[in-house]
Amino acid sequence: MGYKRRVPPPPSPSDAPTGVRQRLLSIFGGSVGNLIEWFDFYIYSAFSPYFARSFFPNDNPLVEQLNTAGVFALGFLIRPIGGWLMGMYADVRGRRAALTLSVSLMCLGSLVIALCPTYAQVGLLAPAVLILARLLQGLSLGGEYGTSATYLTEVATSRHRGFYSSFQYVTLIMGQLLATLTLLVLQRLVLTEAQLVAWGWRLPFLLGAGLAVFGFYMRRNMVETEAFRREAARGPVPNPMRELLRHPREIALVVGLTMGGTLAFYTYTVYMPKFLVGTVGLSRGEATLISAGSLFLYMLLQPVLGFVSDKVGRRPVLLGFGVLGTLFTVPLLTALMHTRDAFTAFLLVMAALVIVSGYTSINAVVKAELFPANVRALGVGLPYALTVSVFGGTAEYVGTRLKVAGHETWFFWYVTGCIFCSLLVYAFMRDTSRQHRFAPEDA
């Protein structure tokens with residue numbers, strides 16, 4: 001039985017994103033919602049040291065953090081379902097409709113966490129509600145990545161897809177950076193440590209819910225892409241999952257090229273602040289400053305390498321990440337583990353993020369270029385979400401678990417091994433900037 005699309009009206013001059021100005025407005029509309037979603041998602045990680053005891057009371061701070069890291073990972077484990085449901089919705093109902101639904105779910109999840117009672121108030125119901133909220137956020141992000149990657153690449157011109165699509169990670173990193181800066185402002189200027197632990201951790205979740213409402217209205221006014229309009233005009237379509245399974249090689253490529261990149265990204269961003277405090281021995285304030293500074297510079301690198309990929313191709317940029325990541329992950333993390341100087345730690349983290357930029361700046365456009373328009377959102381979102389759930393979302397948990405077991409350096413080799421596996425994929429895959437599945441009309 002096929003799925004029927006709601007066929008949109010023919011594009012009007014004001015609705016078709018063909019001009020430079022309209023493309024930029026469309027990219028801004030898609031990107032600002034992406035920023036808000038990732039801000040909402042990352043404030044959990046940024047503030048988890050402060051609310052861990054409120055939901056998982058324990059005399060051992062490391063065990064408390066391990067429990068909150070487990071819930072963080074759970075938010076990723078649900079993402080494949082979000083990638084599946086939202087990807088099909090985007091391919092059937094439209095990119096704009098899926099992006100609007102995605103930001104709505106994120107708003108609800110943040111609001112639930114902000115208002116959630118603590119373990120002291122309601123017992124085991126507290127962590128249960130926290131888990132439910134993270135599941136909502138995971139569903140949201142599961143659909144957000146594939147749909148926003150599809151939207152940004154479809155509104156771009158063929159000569160600038162790498163540059164335009166890199167803004168997905170610009171806003172993703174900006175969301176993480178804003179979460180870090182929110183923590184820094186509350187730490188340094190607004191609240192005491194005791195106030196943050198008692199109730200201050202709720203404030204960023206309230207802010208995130210409010211921003212998500214703004215994102216909802218922004219996305220409601222976005223234009224639909226030309227590529228989806230052409231597909232929708234063809235009427236009824238087959239089952240999207242059945243259509244996707246006709247592209248097994250592309251699905252495997254998404255998994256392979258994502259594995260090392262997503263693990264490296266979450267290691268040097270989400271897990272790194274805990275590593276700087278628990279292993280390097282820096283203060284929470286120093287770790288926050290290092291994260292904020294390195295993330296800002298890292299964010300600026302994304303469009304630069306996206307632009308480079310439009311000139312030299314996607315494979316050389318991916319190969320740069322794969323080779324450098326394989327060679328330098330263990331040396332960089334080992335040097336970090338033994339340094340006690342904040343500035344040296346910043347330089348080492350920044351060096352690692354420069355390497356990771358070879359993946360993050362163009363991974364969205366590479367995946368979008370692998371699939372035809374009728375299954376593009378599902379094809380990008382579902383296998384990516386599966387891979388991120390297994391490797392990216394568990395990075396903090398695996399790193400913390402190995403530290404508890406006394407084998408922290410094993411984690412360094414685990415990251416290296418995954419990057420090497422992705423390097424093998426980069427070495428043998430086609431360059432999608434030259435061999436892609438976009439229609440000639442999308443130029």
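The legends below describe close-up views of one predicted model.

Residue numbers run from 1 along each chain as its sequence is written, and side-chain values rest on heavy atoms, with hydrogens and water left out. Because the model is predicted, local features need pLDDT of at least 70 and side-chain atom pairs count only at pLDDT 80 or more, while totals for chains, interfaces and linings use all residues.

View 1. Helices (H or I, at least four residues) and strands (E, at least two) are DSSP runs, numbered from the N terminus. Of the 443 residues, 60% are buried; buried means under 20% relative accessible area, exposed over 50%, and partly exposed in between (1.4 Å probe, protein chains only). The protein exposes about 16600 Å², 69% of it supplied by carbon and sulfur atoms; accessible areas come from the Shrake-Rupley method with a 1.4 Å probe, and for residues only the protein chains shown count as cover. Contact means heavy atoms within 4.5 Å. Among contacts between residues at least 6 apart in sequence, 87% join residues at least 24 apart.

**View 2. The largest nonpolar core holds 99 residues.** A nonpolar core is a set of buried Ala, Val, Leu, Ile, Met, Phe, Trp, Tyr and Cys residues joined through side-chain atoms within 4.5 Å. Phe47, Phe265, Leu276 and Leu336 have the most contacts inside the largest core. Helix H1 (residues 20-55) gives the most to this core, with 11 residues. Apart from it lies another core, of nine residues, including Ile27, Leu152, Val155 and Tyr164. Beyond its neighbours within four places in sequence, phenylalanine 47 contacts Ala179, Thr182, Leu183, Leu186, Leu196, Trp201 and Pro204.

**View 3. Alanine 209 is placed in helix H10 (residues 202-220).** Its relative accessible area is 5%, so alanine 209 is buried. Leaving aside neighbours within four places in sequence, alanine 209 is in contact with Asp40, Cys107, Ser110 and Leu111. Cysteine 107 is itself buried, at 16% relative accessible area. From alanine 209 to serine 104 the C-alpha distance is 9.2 Å, across 105 residues of sequence.

**View 4. Tryptophan 201 and phenylalanine 205 form an aromatic pair.** Rings of Phe, Tyr and Trp (its six-membered ring) pair if their centres lie within 6.5 Å; planes under 30 degrees apart count as stacked, over 60 as edge-to-face and the rest as tilted. The structure holds 20 aromatic pairs. In this one the ring centres are 6.3 Å apart and the planes stand at 80 degrees, so the pair is edge-to-face. Tryptophan 201 is buried, with a relative accessible area of 0%, and phenylalanine 205 counts as buried at 0% relative accessibility. Elsewhere, ring pairs link Tyr271, Phe275, Phe411, Phe412 and Tyr414 into a cluster.

**View 5. Two arginines sit over tyrosine rings.** A charge sits over a ring if NZ of Lys or CZ of Arg is within 6 Å of the ring centre and within 35 degrees of the ring normal. Arginine 134 lies over the face of tyrosine 44, at 4.2 Å from the ring centre. The charged end of arginine 284 is over the ring of tyrosine 50, 4.9 Å from its centre.

**View 6. Helix H14 spans residues 272-280.** Its buried residues are Met272, Lys274, Phe275, Leu276, Thr279 and Val280.
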